[in-house]
Amino acid sequence: MKQHQVRLYQPQDFSIWNAFISVAKNATFLFDRNFMDYHSDRFQDYSLMVFDGDKLIAVLPANRVEDTVYSHQGLTYGGLILTNKAKLSAVISVFKNVLQFLNENSIEKLIVKTIPSFYSDYFSEEIEYCLFIVKAQLYRRDALSVLDLTKNIAIASNRMEGVKRGIKNELSVKEESNFELFWNEILIPNLASKHNAKPVHTLSEITKLKNLFPNNIRQFNVYNNEELLGGTTVFVNKKVVHSQYISGNETKNVSGSLDFLHHHLIKEVFKDYHFHDFGICNEYDGRKINKGLLFWKESFGAKTVIQNFYEVETVNYSILETVFK
């Protein structure tokens with residue numbers, strides 16, 4: 001089995017890392033170092049780079065906590081990032097070398113949260129096979145609600161009633177460059193009162209990221225005249241739109257604000273994209289579902305796509321050497 005050079009990412013690798021991410025078959029802008037490093041104060045970065053000679057052939061966005069390395073905990077998904085030329089045999093070799101590197105550096109476990117399949121430009125499930133071979137333990141499984149925008153979408157009548165209420169109430173949708181109104185008047189109060197939680201991104205963080213990725217991070221608010229009723233923050237990739245935050249005020253059911261907003265996004269703003277990822281409705285490592293939230297997303301025609309989370313014992317790297325006959 002071929003030996004590849006594996007080493008830790010260093011700040012001087014910024015350009016070569018981002019150049020690789022720009023052409024990888026299963027990368028999104030979340031793996032750009034400008035995005036990854038915005039919360040570098042919270043995580044001990046332990047991202048890996050894999051070389052075949054002088055050529056970078058794979059990266060692993062990651063952070064370290066004691067003797068465990070994680071698919072970066074500040075990102076929604078992760079795992080091995082590969083080029084579209086990567087073949088299964090090469091990926092097996094790469095993953096073996098990654099696990100061996102970790103094991104030799106006193107890392108006992110690797111936690112991998114896979115990239116949902118629809119984010120990839122090409123089929124990219126080599127890592128799932130590798131994880132099976134090394135006896136990785138599946139400890140979490142999330143159910144994402146995803147709308148296939150390339151198909152004829154059957155939006156349920158109850159959602160369309162909300163859209164009609166929005167039209168009757170003369171609501172309007174505006175794209176905003178400023179997040180302050182939505183964050184302070186809608187999102188933060190709702191998360192605090194309903195879930196005793198805060199947004200993953202502070203207002204200053206999302207503003208900074210918007211400045212770094214103006215075409216990828218977009219904010220849409222829905223209004224009745226000048227009154228803000230709700231909004232959504234979306235992360236836009238090459239073919240996928242992801243609803244990072246969705247929130248409305250207490251009138252959303254009466255005014256139809258969120259139905260009206262998302263119907264507009266699906267049918268007008270992002271109609272030429274392939275997928276709209278509404279995200280999960282899960283809690284407790286995927287074992288509980290928010291039934292009302294799931295119903296709302298599926299009423300738009302969203303279907304279920306699975307995201308898997310694995311725990312790997314790095315000492316099992318040697319098993320990959322026995323795969324080929």
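These legends describe an overall view and several close-ups of one predicted chain.

Residues are numbered from 1 along each chain as its sequence is written. In this predicted model, local features need pLDDT of at least 70, side-chain atom pairs count only at pLDDT 80 or more, and totals for chains, interfaces and linings use all residues, while side-chain values use heavy atoms, leaving out hydrogens and water.

**View 1. The whole chain.** The chain has ten helices and 17 strands. Helices (H or I, at least four residues) and strands (E, at least two) are DSSP runs, numbered from the N terminus. The radius of gyration is 21 Å, close to the 20 Å from the globule rule for 325 residues, so the chain is as compact as a globular protein of that length. That radius is taken over C-alpha atoms, and the rule is 2.2 Å times the number of residues to the power 0.38. The C-alpha trace spans about 65 × 35 × 35 Å along its principal axes. Buried residues make up 52% of the 325 residues. Buried means under 20% relative accessible area, exposed over 50%, partly exposed in between (1.4 Å probe, protein chains only).

View 2. Two strands pair if DSSP finds at least two bridges between them. Strand 4 (residues 55-60) meets strand 7 over two antiparallel bridges. Here Ala-58 has Leu-82 of strand 7 as its bridge partner.

View 3. His-4 lies in the segment before strand 1. Is His-4 buried or exposed? His-4 counts as buried because its relative accessibility is 10%. Beyond its neighbours within four places in sequence, His-4 contacts Val-50, Phe-51, Asp-52, Ile-57, Ala-90, Ser-93, Val-94 and Asn-97. Contact means heavy atoms within 4.5 Å.

**View 4. Strand 5 and its two partners.** Strand 5 (residues 62-65) runs antiparallel to strand 2 (residues 44-45), joined by two bridges. Gln-44 stands opposite Arg-64 of strand 5. Strand 5 also runs antiparallel to strand 6 (residues 68-71), through four bridges. In that pairing, Asn-63 faces Tyr-70 of strand 6 as its opposite residue.

**View 5. The turn between strand 5 and strand 6.** This hairpin has two residues between the strands. Which residue takes a positive phi in the hairpin of strand 5 and strand 6? Glu-66 does, with phi near 55°.
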